[in-house]
Amino acid sequence: MTEARRFSEYANGATARGADSPIARRRRSTELTLVVMVALIIGAAYTIAALGTNAEIPAGIGIFVGILLALLLFAHVVVRLVARGADGTLLPLAALLHGIGFVMITRLDDELAGLQATWSIVAILAFVATLLFVQRATDLARYGWLFFAVGAVLLLLPMLPGLGASINGARIWVSLGPLNFQPGEFAKIALAIFFASYLAERRELIAASTWKVGPLHLPEPRYIAPILLAWGFAVIVMVGEKDLGSSLLFFTLFVVMIWVATERVGYLLLGAILFGGAAYFSWTQFGHVQTRVDIWIDPWSRSLDRGYQIVQSLYGLSDGGLTGTGLGRGNPNQVPEAQNDFIFASIGEEMGLIGASAILMSFILIVGAGLRIALRTDRTFEKLLAVGLTTIVGVQGFIIIGGVIKVVPLTGITLPFVSYGGSSLISNYILLALLIRLSDSSARRLGELPDDPTPTERWKAWRLTRTVHRAENKGRPIPETAGLST
Amino acid sequence: MNRQIRQLALGLIACYVVLFVALNYWQVGREQELNARFDNTRQVLREFNKPRGPIVTSDGIVAAVSFPTAPGEPYEYRREYPTDDLLADVTGYFTFAFGSTQVERLYGDVLTGSTAEQQVRSLGDLLSGDIDAAGSVELALRHDAQSAAKFLLGGQEGSVVVIEPATGAIRAMYSNPTYDPNTFVNADFEIAQEVITELQNADGNPLLAQAYQERYMPGSTFKVVTTAIALEAGILSLETVFPNESQWVPPQTNDPIQNYNGSTCGGDLATVFARSCNIPFAKTAIELGPEAMVAGTEAWGIGEEIPIDLPRAAASTFGNTDNLAQELPLLAIRGFGQSEDQMVPLHMAMIAGTVANGGQMMKPYAVEATYDQAGRVLDRTSPEVWKTPVSPANAALMTDLMIGVAERGTASCCIALEGGIPVAAKTGTAELGDPDNLDLSHAWIIAFAPADAPQYAVAVALTNVQSTPDVAVTGGRLAGPIAKGMLDFLLTGPGAGQAPPTPTTTVDDGT
């Protein structure tokens with residue numbers, strides 16, 4: 001049998017395509033159960049919030065729960081069709097965070113709720129599109145440099161005159177007609193993919209550290225240069241755009257990925273030193289950084305002006321106490337930007353320590369699931385990508401929650417899945433789709449379910465089969481099969 | 001790489017554990033401290049955005065009520081006081097930025113429906129979609145009596161208090177100057193601040209309910225207390241006769257004490273009480289001695305905060321008593337209500353009420369009852385005895401003495417009631433002894449009627465009255481007509497025959 005025939009038979013399902021896999025089935029039933037539970041929880045929270053705010057059961061509650069369930073089931077069915085081996089908890093966890101965020105936004109501002117509903121639909125579509133488009137995680141590795149370029153352009157866009165827009169002091173927005181979006185939210189994914197592909201290829205070379213400078217053993221400059229370039233680029237652009245939170249996020253992402261890739265703890269130390277230096281430098285140079293730090297150390301003495309937001313946030317939290325004021329019964333609108341950076345304070349106020357802890361638990365579980373994917377997969381690129389994507393979600397959550405509860409200085413950044421905003425929601429659902437794709441890929445390689453060909457592969461196979469048949473029928477030689485990979 | 005990934009997992013989990021610990025710190029550990037901070041408006045804001053029930057007088061007039069605001073207003077409700085300044089001393093005000101006072105403050109939990117009982121009761125209504133548990137407060141005060149008090153006071157500085165001697169129910173309690181809460185409760189912060197600051201700095205402190213939050217030198221009305229103490233001590237009786245004299249030098253001094261206007265005055269107890277001579281009561285106080293006198297005033301509740309169901313009540317005082325044994329002249333002067341004696345107008349009404357009520361001083365109350373959102377009674381004030389300073393027999397004797405004041409004494413000019421209803425009274429003129437203004441006085445009267453079956457006790461205090469060469473200030477002449485007007489209004493006038501209030505509220509409970 002020729003190479004081409006073997007491929008076409010494999011791809012056409014001569015092997016056990018769609019064969020029964022108990023593990024995959026169990027994961028999907030888990031996901032289905034959890035997704036339905038999430039829909040019920042969110043429906044209940046939505047009703048309670050409306051009761052608390054207006055003392056009446058919302059008119060469209062049936063429609064709301066229906067659409068919510070339909071969206072989640074749609075996402076679930078797509079996962080079942082194209083990534084049935086993937087971890088079953090990621091989608092429900094994200095949906096829970098997203099749903100609680102949506103209820104909170106609805107409760108804070110009806111107008112934003114309508115927009116957020118639209119963004120939710122777009123985000124689920126983006127999730128599905130990503131799953132359909134990225135059929136093999138390894139495909140992404142091939143386009144590492146493309147992602148670098150995309151990330152760079154996205155980061156630079158807000159600085160373009162006429163296109164970029166400054167909102168609340170940070171120039172991280174791009175205005176296209178009526179649409180505003182934050183390209184930085186997408187750049188983080190592009191850069192994570194680039195870092196993963198670059199480091200997967202060259203991690204041994206970088207780790208070898210053959211370049212001796214005095215007592216130091218450093219990686220060859222030509223291997224480390226592109227990453228330093230990417231990092232420096234991101235950091236400089238971010239500082240230029242006054243977006244401290246994203247700057248910190250990129251920095252951490254870079255340091256963590258190079259540390260995991262090289263297995264050298266020295267990079268963490270180097271990162272800490274570099275960060276300390278950069279932080280000290282920006283503290284001395286930029287007024288807005290000094291303000292942030294001052295407010296972090298003592299917001300109380302400025303509780304009516306610059307410290308107002310953080311102080312109100314803490315008042316909200318303390319007012320909520322253990323069990324919260326009840327959805328719709330607190331005053332989270334007292335905190336400026338409650339629907340955005342400070343949504344965690346709103347949740348803490350109205351759902352109490354218990355509700356806020358549920359948010360923290362959800363993030364810990366997402367981090368756990370993401371890093372489990374990294375542990376299970378045997379391919380360096382996928383490991384690094386899973387680490388990068390998980391780090392983004394985990395660290396971003398920590399930075400903003402920590403800022404809101406005065407653990408770290410406040411930096412404007414969204415709380416993944418929870419905060420208001422289309423860019424944030426869509427980019428995080430894309431990130432989620434990539435994690436699910438990675439999870440599915442590793443499950444297939446581990447033999448937990450048959451490694452079915454992807455739809456693209458089947459389509460290619462079908463075309464190839466047709467060509468082979470025609471050639472055979474007409475007695476012509478069978479064409480080249482180069483470029484096909486099984 | 002797996003080792004690093006596990007370490008990363010631990011690191012990230014550690015980060016979230018730190019967040020969890022910090023969250024506990026803020027939400028539970030420092031909850032109370034943060035909630036108590038001055039710039040934390042959460043709790044008051046939450047209360048502000050709750051429906052708030054009305055405050056209603058016992059004759060069914062709404063004194064405070066909330067209306068929902070149009071969408072877009074900063075707060076969900078407006079608080080309005082339809083009676084303007086008439087009941088402000090009792091209802092108080094309810095503001096976002098400047099707190100709340102009086103009934104609005106003390107009964108805030110009833111008005112917003114947050115008492116435990118209301119919460120439990122409103123559970124049943126939750127299913128019907130109505131979670132408005134706002135309760136209402138019914139005052140003991142009558143709108144008509146309060147209006148009469150305001151009218152009779154006619155803008156003069158002072159207080160009028162009417163209580164029911166048998167229960168302690170306050171039926172009227174009005175004082176000038178006062179304020180209209182509508183001028184600032186719904187105003188923007190800056191305007192409200194301006195108005196409140198102006199009121200705080202205004203003469204006579206309009207924001208204070210002078211009738212129960214301020215005390216004034218009582219003058220001769222205090223002789224009721226001195227006489228009653230002496231009767232209880234057994235050193236005075238109707239047979240006691242005081243010599244006719246115009247001045248008397250108490251121990252430890254050479255400065256003589258004089259009667260009012262330096263007149264010569266004496267006779268039996270009924271006569272000196274009716275004519276309000278000073279010297280007999282100075283002598284009585286000296287005879288009682290510092291200890292018995294101080295103990296006696298304490299028995300009348302002097303020195304204690306008045307146990308009214310409103311916040312920040314004042315306490316009457318017999319002055320500094322630490323060295324009274326070495327300051328017998330002061331004791332003598334205080335015996336007839338001068339020097340450091342200071343009485344709360346409400347307390348003086350209660351003193352009249354004690355005599356009227358056979359010697360029992362009832363706790364005064366301004367709130368008759370509280371109701372839940374459906375108009376069911378939450379709590380109804382039951383009358384309570386506060387003090388029993390004098391025996392029924394001596395109270396009867398005191399009544400006779402006070403009838404003498406009304407019929408033949410210092411009040412005979414002005415207190416005779418319509419329809420010949422017997423009345424008992426005691427006047428007082430407190431000379432403030434201001435070196436710059438020797439003619440500045442407080443004019444007092446306390447009275448109750450009908451003297452044989454008392455229904456109402458009244459105290460009128462006209463404060464900081466200026467004597468002129470033509471008209472000398474006396475309690476009988478200035479305050480007497482106001483007390484008469486009050487008692488006439490309530491006993492034979494438009495306010496008569498008003499049945500004791502039946503519980504009515506204006507809460508629309510939809511049933």
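Here are a few questions about a sheet, a helix and a whole chain.

Visitor: In what order do the 5 strands of the open sheet in chain B run?

Guide: Keep in mind that this is a predicted model. The pairing in this sheet is antiparallel. Going across chain B's open sheet, the order is 6-5-17-16-15.

Visitor: Why is one side of strand 6 and of strand 15 in chain B left without a neighbour in the sheet?

Guide: The twist from one strand to the next averages 5°. Strand 6 (170-176) and strand 15 (424-431) of chain B each have a single partner strand, so one side of each has no neighbour in the sheet. That's because both stand at the edges.

Visitor: Which residue in strand 17 of chain B is the bridge partner of B:I445?

Guide: Strand 16 (residues 440-449) and strand 17 (residues 456-466) of chain B pair in the antiparallel sense, over 9 bridges. Look in strand 17 for the partner of B:I445, and you land on B:V460.

Visitor: How many of the 11 residues of helix 11 in chain B are buried?

Guide: What covers the buried ones includes helix 13 (279-299), helix 16 (392-408) and strand 15 of chain B. Among the buried residues are B:V224, B:I229 and B:L231. Helix 11 (residues 223-233) is mostly covered, and the count is 9.

Visitor: And chain A: what share of its 486 residues is buried?

Guide: Chain A has 17 helices and 5 strands. Buried here takes 20 or more other C-beta atoms within 10 Å of a residue's own. By that cut-off, the buried share of chain A is 51%.

Notes
Residues numbered from 1 in each chain as written. Chains lettered and ligands numbered in written order. Predicted model: local features only at pLDDT ≥ 70, side-chain atom pairs only at ≥ 80, totals over all residues. Pairing = 2+ DSSP bridges. Helix = DSSP H or I, 4+ residues; strand = E, 2+ residues; numbered from the N terminus. Axes fitted to C-alpha atoms, helices over the stretch in contact; angles between N-to-C directions. Buried ≥ 20, exposed ≤ 12 C-beta atoms within 10 Å, placed from the backbone. Contact = placed C-beta atoms within 7 Å.
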